[in-house]
Amino acid sequence: MATLPPFGIDKQALPEVPEEAVEHGEVFTRRWVVELILDLLGYTADKDLARLTVVEPACGGGAFLGVIASRISASCRAHGRSITDAVGAVRAFDLLGRNVAESRGLVEQRLKDDGWERGDARKVASSWVRQDDYLLRADSGQRADFVVGNPPYIRLEDVPEGRMDAYRSACATMGGRADIYIGFYEVALRSLAPGGRLGFICADRWMRNQYGRKLRQLVTREFSMDLALVMHDVDAFQEQVSAYPAITVVSRREQGGAVAADTTRAFGEPEARDFLAWYEAEEREPIATAAYQAAPLPHWFPGEDSWPAGSPARLAVLEDLSDRFRPLEDSVTGTRVGIGIATGADKVFITDDPQLVEADRLLPLAMVRDTTSGSIDWSGSRLVNPWDSEGRLVDLAAYPKLAAHFRRHSGVLRKRYVAVKQPERWYKTIDKVDHGLTSRQKLLFPDMKLTIHPVLDKGRLYPHHNLYFIVSDVWNMRVLGGLLLSKVAEAFVEAYAVKMRGGTLRFQAQYLRRIRVPDPAAIAEEDRTALARAFDERDVEAATEAALRVYGLTELPD
């Protein structure tokens, strides 16, 4: 009877991943990059490597294995061991038989070149490398001290449905449109022994995309994110690829200090050695060279939401502010972030005609175009409002003009999902109207803008769903507006938000909530005055100068 993986999947019955898809997903790593990853992990020949276990999940032609073999060979010499003492020190996998044969041959030759007997070298190479599917292997319960490699880039559509179902069954983090490398991260992380370390060079999209949410959750709950070294423009592979890679180092321990680093095209083997020396130093200060920037962080960014992007120095400042100040949305100050009303049929529910329906069924509506100048220039748009002050749908019999209007458009209204779901409430908007919101002072933010753009409504209008709003029980809205007009506030949104073509940012509620703000009572009077004046005058530079003082910063790094 065939041995099955722990989750009970018969691999023999699964459709194979086409060989051309695996070949397409192979991206081989340059030797100096492999050396850097192993050094960052501390997998060095001065240690007794025969007593440790390193795993390579997708060995390909042996880019990592060749370097590992050299280090184990040197370690065995240094510790007076036979190379056969290291027969269980490596577990390497690949789907393709030709890759397994090539990797075994490379290891064997490397060991023979180092002076080991041919038979011993062959025995070790044969033991180290096996043909198997790493994500579905039967020995997945075995622990590893190190997991290293470059997981394959195989497109979802190239993996047969049955095998992808098996991958998703085995890897809880592989939801939605998750690329297959997500599964490699999960299986590798779960295999680490206490104190074990993972070092991958891989696409970094999982740190911010929706499909990486479950993996981010796993990392932040159970592991320590030690290093993210972004290498988008580095010649890290033997072929030119658009993979947006980063080296990540993750440990099985409580979250400790972390490092955020970024590189330029100038980053090569000499610069990698310089970076390693900086990384291994006992005292690390932020550094910026022509080839790389790096900054130490007291810890990594918590939570499963998108991790921020930006220069290492900028990320260090944002993490410091996140540790020292409270979120913008805060029950202590009664500050709330929300979005305007969605109707599901704007052509029916929004009008410029003040006589269209009964006067008390028209609610003055703030549109994006009303905020362009930085102050409210109302264009006269009104919401045809089906809700009473108690949050109930009005009786159409009491409003003949409203009833006639809705019935003229009943075909459109009844086709909406909300109406199909509740046919007796066919004339409702998607969102209810919060009647108390209209009369409150509020800061409005257009959904899409190149720069942060808070606009004050003094309590006249209700926001449309392309506008986000902030209300507060405590804040002076002009002072808060000045703070949010600053480049410091914009830096939070820029780090977390999706950036559209042309650099346009999305100022959605989830990103506005990322902004940290001081206690309004702790702001000095002169700074309050400066922030309010900067807001009134739309003076971003003055707002930023005042914000830097309030946050206790001397500058905001690029």
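**Close-up views of a predicted model**

**View 1. A nonpolar surface patch.** In this predicted model, Met-448, Val-498 and Met-500 make a nonpolar surface patch of about 250 Å². Met-500 sits in the loop between helix H17 (487–496) and strand E21 (505–506). Its relative accessible area is 33%, so Met-500 counts as partly exposed.

**View 2. The largest nonpolar core.** The largest nonpolar core holds 149 residues. Ile-72, Trp-206, Phe-267, Phe-275 and Ile-515 have the most contacts inside this core. Helix H2 (residues 31–41) supplies the largest share of the core, eight residues. Another core, of 36 residues, lies apart from it and includes Ile-341, Leu-356, Leu-362 and Leu-444. In soluble globular proteins, nonpolar side chains tend to be buried together.

**View 3. The surroundings of Phe-275.** Neighbours within four places in sequence are left aside here. Phe-275 is then in contact with Leu-40, Leu-227, Leu-229, Ala-261, Phe-267, Tyr-292 and Ala-294. Both Phe-275 and Phe-267 are among the residues with the most contacts inside the largest nonpolar core.

**View 4. Strand E20 and its residues.** Strand E20 (residues 467–471) is largely enclosed by the rest of the structure, because five of its five residues are buried. Leu-467, Phe-469 and Val-471 point one way from E20, while Tyr-468 and Ile-470 point the other way.

**View 5. The strands paired with E20.** Strand E12 (residues 336–339) pairs with E20 in the antiparallel sense over four bridges. Arg-336 has Val-471 in E20 as its bridge partner. Strand E16 (residues 442–446) also runs antiparallel to E20 and is joined to it by four bridges. Here Phe-445 stands opposite Tyr-468 in E20.

Technical notes:
Residues numbered from 1 in each chain as written. Predicted model: local features only at pLDDT ≥ 70, side-chain atom pairs only at ≥ 80, totals over all residues. Heavy atoms only, no water. Core = buried A, V, L, I, M, F, W, Y, C linked by side-chain atoms within 4.5 Å. Buried < 20%, exposed > 50% of the residue type's maximum accessible area, 1.4 Å probe, protein only. Helix = DSSP H or I, 4+ residues; strand = E, 2+ residues; numbered from the N terminus. Contact = heavy atoms within 4.5 Å. Patch = residues over 30% accessible without salt bridge, like charges linked within 9 Å, V, L, I, M, F, W, Y side chains within 5 Å. Areas by Shrake-Rupley, 256 points an atom, 1.4 Å probe, with all protein chains shown as cover. Salt bridge = Lys/Arg side-chain N within 4 Å of Asp/Glu carboxyl O. Pairing = 2+ DSSP bridges.
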